[in-house]
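We will take a short walk along some charged pairs, one selection at a time.

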Amino acid sequence: MFKNVLSRLVTETVRVHRNVKHAPLIPTITSARVSVRSFTDVKDEVQPPFDSSLLEFLVCPLSKKPLRYDANTNELINEELGIAYPIVDGIPNMIPQEARLLQKGADSSNTPAQ
Amino acid sequence: MAASMRLLARRVLRLSNRNVTASAAGVSCPSCRCYSDAAEDRSTHFGFETVPEEEKAKRVYKVFENVAEKYDVMNDAMSLGVHRLWKDMLLHVMHPQPGARLLDVAGGTGDIAFRFRDYIHSQQERQKRRAVRSSQSLSWQDISNKYPSEDRPHESMAVVCDINKEMLNVGKKRADRMGITSGLSWVVGDAEELPFDDDQFDIYTIAFGIRNVTHVDQALQEALRVLKPGGRFMCLEFSKVTNPVLASLYDAYSFQVIPVLGEVIAGDWKSYQYLVESIRKFPDQEEFKGMIEDAGFYCVRYYNLTGGVVALHSGFKL
């Protein structure tokens, strides 16, 4: 009986984690510095905050121009070329092939004056 | 409507620019076309196999995606822990001082970055102790508390860049477990097209990663670009063993033992077969030194470790 309870506990927690991971992400900017998360499994709905101190020397690999951090979509945007690099788990993905092409006016939150 | 037109216009411009440069490059058009076709068919080595260039990057990615979780364990098993000594040697030769900025390319699980941080901390302790040694009456702890923290232009910082997300995730988890909050960043990027501005880093390291890059010369060019003038390029890589007896022992070990270990520990024979084959295909110490010099580095030299099993190449951007 104890074994049953234990196995159910394990599977239930696994299911909870899996569901929690797939929940819609609510990005929040807490502070400039990345905070250490001791309970890494618990708060999985929120993306770990992106360390904006990286922006000082991070540039677009194609044009070598600085990027703009968009907190809503959690991406790094190159206005000139109209591409957005995703940030996954607090790690920016700067591979050109993985960048998303921006459709003007559709996805990006604050479109500059056209 | 205007927005989509602009996007279209931009795409057309980009394409036309490409056409213009292509035609400008080869004035005689027929030969120019043959040239571009030849470029597509250009192949490179993937271990002992010959594969088209685009293939290599994909296959290397798969190899490291498969081994990411067991990477550190396998390193210890295959090298019998000696890889730690090689990396310690890299740090010892590097001798970074507080305030230095490191870019560790193909840094994956972060071995070099962690060592860099530890080395800097011990250097800071040493500096504090040296500054305090002159005063005799008070205990060194009281005196060091009186001294304001060193005003450096910026704190030392390490950036780990790797093309493989899985490896970086493993590294980031290690950092979180160690409780590291600042001074360490993780970026997914391509060594041949680094997402960093010019003249940014004091030290560029690539440990056991450059043989997996498709275009080594491009990676070296990028290294030169992101380093500050006076910056140092350091590369740890497997190389040619000079002693013939040791060489035959090493070959036997590489081809008989390592893939078996790979299968037993990581459940992946092929990846480790690739690993030992790619070591054989990489240029030797002198040739690689020449490549680094061609990229524009000065004072290039190499240190042989463990009889040439591993070579540490170093060059400066002047």
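Start by selecting B:Arg211 and B:Glu237: they form a salt bridge (a side-chain nitrogen of Lys or Arg within 4 Å of a carboxyl oxygen of Asp or Glu), with the closest N and O atoms 2.7 Å apart. This pair links distant parts of the chain, 26 residues apart: B:Arg211 is in the loop between S6 and helix H9 (216–226) of chain B, and B:Glu237 is in strand S7 of chain B. Helices (H or I, at least four residues) and strands (E, at least two) are DSSP runs, numbered from the N terminus. B:Arg211 is buried at 4% relative accessibility, and B:Glu237 is buried at 2%. Here buried means under 20% relative accessible area, exposed over 50%, and partly exposed in between (1.4 Å probe, protein chains only).

A word on the model: it is predicted, so local features need pLDDT of at least 70 and side-chain atom pairs count only at pLDDT 80 or more, while totals for chains, interfaces and linings use all residues. Residues are numbered from 1 along each chain as its sequence is written, chains are lettered from A and ligands numbered from 1 in the order in which they are written, and side-chain values use heavy atoms, leaving out hydrogens and water.

Next, pick B:Lys228 and B:Asp202, whose side chains meet in a salt bridge at 3.2 Å, N to O. B:Lys228 lies in strand S7 (residues 227–238) and B:Asp202 in strand S6 (residues 201–207), both of chain B, so the pair ties together parts 26 residues apart in sequence. B:Lys228 is partly exposed at 22%.

Finally, select B:Arg225 and B:Glu222, a salt bridge of 3.0 Å.
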